[in-house]
Amino acid sequence: MSGIPTDAALVAAARSGSDRAFARLVDRHQQAVRSFLRRVCGHEADADDMAQETFLAAWTSLRTLKTATHLKTWLFSIAWRKAKGMARSASRSRMRDTTWSEMQDNTAEPQPEMNIALSQAMGQLNGDQRAAVALCLAGGWSHGDAAGVLDLPLGTVKSHVSRGRARLIEILGVDDD
Amino acid sequence: MTDQDPLKALFKADEAPAVDPSFRMAVMNRVAGRRLALELVVKGTVMALLGTAFVLTAPLVSANLVGMMSMPQNVYVALGGVAALTWVGRYVAMHRIRLSLPRLNLF
């Protein structure tokens with residue numbers, strides 16, 4: 001038996017009031033949730049803010065999680081609902097941040113060219129397509145699990161992934177052998 | 001998508017950091033803020049209920065106070081009641097209240 005607690009054990013501890021357990025859950029899942037949201041909404045700061053709200057919502061309704069082993073799917077469902085619901089306000093705050101950031105010295109590390117190209121290419125897909133690609137192609141989720149997270153029929157997810165992939169290959173001009 | 005998929009390498013390079021203490025800290029700060037807000041609501045409600053009960057019972061108590069306190073056992077009961085209320089007030093003020101929220105699917 002390993003000394004690393006399972007998600008179920010951490011959820012049980014967090015439900016009984018352990019902040020340390022919840023912090024470990026955040027550590028364990030933050031990369032996947034943030035990466036997903038960054039790919040879906042295309043703006044790092046908005047995505048990270050949404051990821052924080054996702055974890056806050058998870059903390060608030062941790063008792064509603066029926067099966068602790070499905071924590072990851074549940075977290076991604078919350079993240080996806082947040083991403084859909086906050087699309088308009090995120091767009092407004094992005095305009096505000098852009099205006100603000102234009103007044104600041106640009107000290108952030110420049111993004112590699114290909115990352116920018118990928119982000120722009122993702123931006124050309126529609127919302128559901130982007131989410132399906134982010135889950136299945138980037139996150140390695142099965143089509144079935146992604147369908148559960150996105151609340152879409154399996155066939156629709158498969159079609160989104162296939163069309164989204166083809167579109168990305170076309171836009172980025174990468175070899176598809 | 002295979003391991004050799006050209007998109008996989010691109011997505012890999014675009015991942016959020018695997019370890020990010022500042023992100024964890026930001027989340028836990030928000031959690032602490034939410035908990036404080038919830039506790040303030042609960043404690044405020046408890047205090048308001050206690051205050052209302054006091055205001056409502058004060059006229060009755062003051063009207064019968066002299067008669068009630070003529071019997072020694074009633075004095076002990078009253079002192080015990082005040083001590084119990086003080087203890088409850090102190091407990092509510094000093095301890096974290098475990099909130100058992102109803103199963104609302106808000107998010």
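Two residues are in contact here if their C-beta atoms, placed from the backbone, lie within 7 Å. Keep that in mind as you look around this predicted model.

Start with chain A, and colour its two parts separately: domain 1 covers 1-107 and domain 2 covers 109-177. Where they meet, 10 residues of domain 1 of chain A are in contact with 13 residues of domain 2. On the domain 1 side, select α2 and α4 (71-85) of chain A, the elements that each give two or more residues to this meeting place. Helix α2(A) supplies the largest share, five residues. By class, that side of domain 1 has five nonpolar, four polar and one charged residues.

Next, look inside. The largest nonpolar core holds 52 residues, and Phe36(A), Leu37(A) and Ala79(A) are among those with the most contacts inside it. Select residues 19-41 of chain A to see helix α2, which brings nine residues, the largest share of this core. Both domains of chain A take part, with at least three residues from each.

Now zoom in on Leu135(A). Which residues is it in contact with, leaving aside neighbours within four places in sequence? Show Phe36(A), Trp141(A), Ala146(A) and Val149(A), and you have them.

Finally, bring in chain B. Here 26 residues of chain B are in contact with 34 residues of chain A. On the chain B side, pick out α1 (6-13) and α2 (21-69), the elements that give two or more residues. The largest share, eight residues, comes from α2(B). Colour this side by class and you will find 17 nonpolar, one polar and eight charged residues.

Definitions and conventions. Residues are numbered from 1 along each chain as its sequence is written. Chains are lettered from A and ligands numbered from 1 in the order in which they are written. This is a predicted model: local features need pLDDT of at least 70, side-chain atom pairs count only at pLDDT 80 or more; totals for chains, interfaces and linings use all residues. A nonpolar core is a set of buried Ala, Val, Leu, Ile, Met, Phe, Trp, Tyr and Cys residues joined through C-beta atoms within 7 Å. A residue is buried if 20 or more other C-beta atoms lie within 10 Å of its own, exposed if 12 or fewer, and partly exposed in between; C-beta atoms are placed from the backbone. Helices (H or I, at least four residues) and strands (E, at least two) are DSSP runs, numbered from the N terminus. Domain bounds come from an automatic or database domain assignment. Ala, Val, Leu, Ile, Met, Phe, Trp, Tyr, Cys and Pro count as nonpolar, Asp, Glu, Lys and Arg as charged, and the others, Gly among them, as polar.
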